[in-house]
Amino acid sequence: MNLKSFLFSMTTAVALCLATSTEISAQEHYRAHVSVGGHAGMTLSSMTFVPSVQQKMVTGITMGATFRYAEQKNFGLIAELNLSQRGWSEDFKGADFKYNRVLTYIEIPLLTHIYFGGRRFKGFVNLGPQAGYMISDKITADFDYRNPGSVEGFPDQNRMLDQMRMDVSKRFDYGITGGAGCEFYIRPRHSITFEARYYFGIGNIFPDKKRDVFSASRGSSIIVTFGYNFRLR
């Protein structure tokens, strides 16, 4: 699926959710629920480079705070403030070299929250835009990645090398995130959540003009989290 098709699909899904929630609201009014909470988990990330780069996914951590507002029976809005690690790991095809690059972001997702179920158990779908800012760029390597051609036995044939030594020029990031999960109410105001989410980045980390090395250098992540929410009202 290309970028235009993906954005069209996400926009259509959000529009359908909003239309459904409006119809429900017209039928019956429900008291607003406001919840706050926190969540933590792990990320599994890679980068989309054009030209392509031989890589593997890299693991990281994520944690953050959640604010949730629901005024209708099956529809709400979520805002989060997260600290999340993304990046990539170079794939040397069996050669004994290691290179990992972990990019740490402060992120703000703004999500449509669609939920369903009973008083004790609910399923949900979250979808919306996300913006972030990179606060850390950490490289771990066991060779001279700035001059790999001088490293004995380094597999430099038919592979891109520039991404290992290039500095990040664009720290602001944006994209679309969506996921699904479940929520268990252990008490009327206390709940535990589990969610699996996917982030599709649109912003590039390296220069992307025609004269530059990469025309695309954007990240994507699979995120799995556990959370706790407390309903204020």
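How much accessible surface does the chain have, and what share of it belongs to carbon and sulfur atoms? Here are my notes, starting there.

1. **Surface and ground rules.** The accessible surface of the chain is about 12700 Å², and carbon and sulfur atoms hold 60% of it. These areas come from the Shrake-Rupley method with a 1.4 Å probe, and for residues only the protein chains shown count as cover. Keep in mind that this is a predicted model: local features need pLDDT of at least 70, side-chain atom pairs count only at pLDDT 80 or more, and totals for chains, interfaces and linings use all residues. Residues are numbered from 1 along each chain as its sequence is written, and side-chain values use heavy atoms, with hydrogens and water left out.

2. **The overall layout.** You'll find 2 helices and 9 strands in the chain. Both kinds of element are DSSP runs numbered from the N terminus: helices are H or I with at least four residues, strands are E with at least two. Starting at the N terminus, the order reads α-β-β-β-β-β-β-α-β-β-β.

3. The chain has 233 residues, and 41% of them count as buried. Buried means under 20% relative accessible area, exposed means over 50%, and partly exposed is in between (1.4 Å probe, protein chains only). Now look at contacts, meaning heavy atoms within 4.5 Å. Among contacts with a separation of 6 or more, 70% are between residues 24 or more positions apart.

4. Is Asn229 buried or exposed? Asn229 is buried, because its relative accessible area is 7%. This residue sits in strand S9 (residues 216–231). Leaving aside residues up to four places away in sequence, Asn229 touches a list that includes Val36, Gly37, Thr66, Arg68 and Glu183. Arg187, in strand S7 (residues 172–187), is exposed, since its relative accessible area is 54%. The C-alpha atom of Arg187 is 9.6 Å from that of Phe230, and the two residues are 43 apart along the chain.

5. Most residues other than glycine have a negative phi, and most peptide bonds are trans. With that in mind, go to the peptide bond from Val50 to Pro51: it is cis, with omega near 0°. Pro51 lies in the loop between strand S1 (33–50) and strand S2 (55–56). Then try Lys93, a residue other than glycine whose phi is positive, near 55°. Lys93 is in the loop between strand S4 (75–90) and strand S5 (99–117), and it is exposed because its relative accessible area is 61%. Asn158, not a glycine either, has a positive phi of about 55°. You'll see Asn158 in the loop between strand S6 (121–141) and helix H2 (162–165), exposed with a relative accessible area of 75%.

6. **A nonpolar patch.** Which residues make the nonpolar surface patch of about 1000 Å²? The members are Ile61, Met63, Leu81, Leu83, Ile106, Ile108, Leu110, Tyr133, Ile135, Phe172 and Tyr174. Patch residues have over 30% relative accessible area and no salt bridge; like charges are joined within 9 Å, and nonpolar side chains (Val, Leu, Ile, Met, Phe, Trp, Tyr) within 5 Å. Strand S3 (58–72), S4, S5, S6 and S7 each give at least two residues to the patch. S5 has the largest share, with 3 residues. Leu81, for one, belongs to strand S4.

7. **Salt bridges across the chain.** A salt bridge here is a side-chain nitrogen of Lys or Arg within 4 Å of a carboxyl oxygen of Asp or Glu. The whole structure has 11 of them. One joins Arg159 and Glu90, whose closest N and O atoms are 3.1 Å apart. This pair links distant parts of the chain, with Arg159 in the loop between S6 and H2 and Glu90 in strand S4, 69 residues apart. Both Arg159 and Glu90 are buried. Another joins Lys170 and Asp208, with 3.0 Å between the closest N and O atoms. Lys170 is in the loop between H2 and S7 and Asp208 in the loop between strand S8 (190–201) and S9, so this pair ties together parts 38 residues apart in sequence. Lys170 is partly exposed at 31% relative accessibility, and Asp208 is partly exposed at 30%.

8. Glu195 and Arg197 form a salt bridge, with the closest N and O atoms 2.8 Å apart. Shared partners join Glu80, Glu195 and Arg197 into one network of salt bridges. Glu195 counts as buried because its relative accessible area is 7%, and Arg197 is buried at 10%.
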